[in-house]
Structure formats: structure tokens, C-alpha cells
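Please read it alongside the sequence and the structure displayed below.

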Amino acid sequence: MIKKGDIVKLKSGGPKMTVREPENGLWVCTWFVGDKMKQGLFSTEQLQVEA
């Protein structure tokens, strides 16, 4: 189960992201590319929690 504060990755790969909060049934996630913060919306089915 995904919750706010979890570190996740897309099941298809990509950077580690931090889960911020749910929005309209999707999760707001943030990550960094270099020194720039990026943000995106992802469904639970797209994400896996990092161990």
C-alpha cells in the first residue's frame, strides 16, 4: 500500500520519487533531475514502493 512519504519508482523504471499526496485518485510524486525538482501524477498501478 502506497502512502504519503514513501519512496517509489515507476514499474517501467525511472528515478526514485517521493510520494507527496493523493490528488483526484492519483499520487503526486516529486523527484530531482540534477538540481531541478520535477513533479508528476501517477496511478497506484504505475508505482512500486522501493525497499
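In this predicted model, contacts between residues at least 6 apart in sequence include 30% that join residues at least 24 apart. The protein chain has five strands and zero helices, and its pattern along the sequence reads β-β-β-β-β. The strands make up an open sheet with antiparallel pairing, in the order E4-E3-E2-E1-E5.

**Overall dimensions and surface**

- The radius of gyration of the protein chain is 10 Å, which agrees with the value near 10 Å that a compact globule of 51 residues would have.
- Along the principal axes, the C-alpha trace spans about 30 × 20 × 15 Å.
- The protein chain has an accessible surface of about 3700 Å², and carbon and sulfur atoms account for 53% of that surface.
- Of the 51 residues, 27% count as buried.

**The sheet and its pairings**

- The sheet order is E4-E3-E2-E1-E5, and its edge strands, E4 (36-42) and E5 (47-49), each pair on one side only.
- From one strand to the next, the twist averages 45°.
- Strand E1 (residues 7-10) pairs with E2 in the antiparallel sense over two bridges; Ile 7 stands opposite Thr 18 in E2.
- Strands E3 and E4 run antiparallel and are joined by seven bridges; Val 28 has Leu 41 in E4 as its bridge partner.
- In a regular strand, side chains alternate between the two faces of the sheet.

**Loops and turns**

- E3 and E4 form a hairpin with two residues between them. Gly 34, in the turn of this hairpin, has a positive phi of about 65°.
- Asn 24 is located in the loop between strand E2 (17-23) and strand E3 (26-33). The phi of Asn 24 is also positive, near 55°, although this residue is not glycine.
- Asn 24 is exposed, because its relative accessible area of 77% is over the 50% cut-off.
- Gly 13 is found in the loop between E1 and E2. With a relative accessible area of 28%, Gly 13 is partly exposed.
- Gly 13 and Gln 46 are 33 residues apart in sequence, and their C-alpha atoms are 9.9 Å apart in space.

**Buried positions in the sheet**

- Thr 30 lies in strand E3. Its relative accessible area is 10%, and Thr 30 therefore counts as buried, since the cut-off is under 20%.
- Leaving aside neighbours within four places in sequence, Thr 30 is in contact with Met 17, Thr 18 and Arg 20, and also with Met 37, Lys 38 and Gln 39.
- Thr 18, one of these contacts of Thr 30, is also the residue that stands opposite Ile 7.

**The aromatic pair**

- The structure holds one aromatic pair, formed by Trp 31 and Phe 42. The two rings are tilted, with 6.0 Å centre to centre and 55° between the planes.
- Trp 31 lies in strand E3 and Phe 42 in strand E4, so the pair ties together parts that are eleven residues apart in sequence.
- Trp 31 and Phe 42 are both buried.
- The strands that carry this pair, E3 and E4, are also the two joined by seven bridges.

Definitions and conventions:
Residues are numbered from 1 along each chain as its sequence is written. This is a predicted model: local features need pLDDT of at least 70, side-chain atom pairs count only at pLDDT 80 or more; totals for chains, interfaces and linings use all residues. Side-chain values use heavy atoms; hydrogens and water are left out. Helices (H or I, at least four residues) and strands (E, at least two) are DSSP runs, numbered from the N terminus. Buried means under 20% relative accessible area, exposed over 50%, partly exposed in between (1.4 Å probe, protein chains only). Two strands pair if DSSP finds at least two bridges between them. Axes are lines fitted to C-alpha atoms, for helices over the stretch in contact, and angles run from 0 to 180 degrees between N-to-C directions. Contact means heavy atoms within 4.5 Å. Rings of Phe, Tyr and Trp (its six-membered ring) pair if their centres lie within 6.5 Å; planes under 30 degrees apart count as stacked, over 60 as edge-to-face and the rest as tilted. The radius of gyration is taken over C-alpha atoms; the globule rule is 2.2 Å times the number of residues to the power 0.38. Accessible areas come from the Shrake-Rupley method with a 1.4 Å probe; for residues, only the protein chains shown count as cover.
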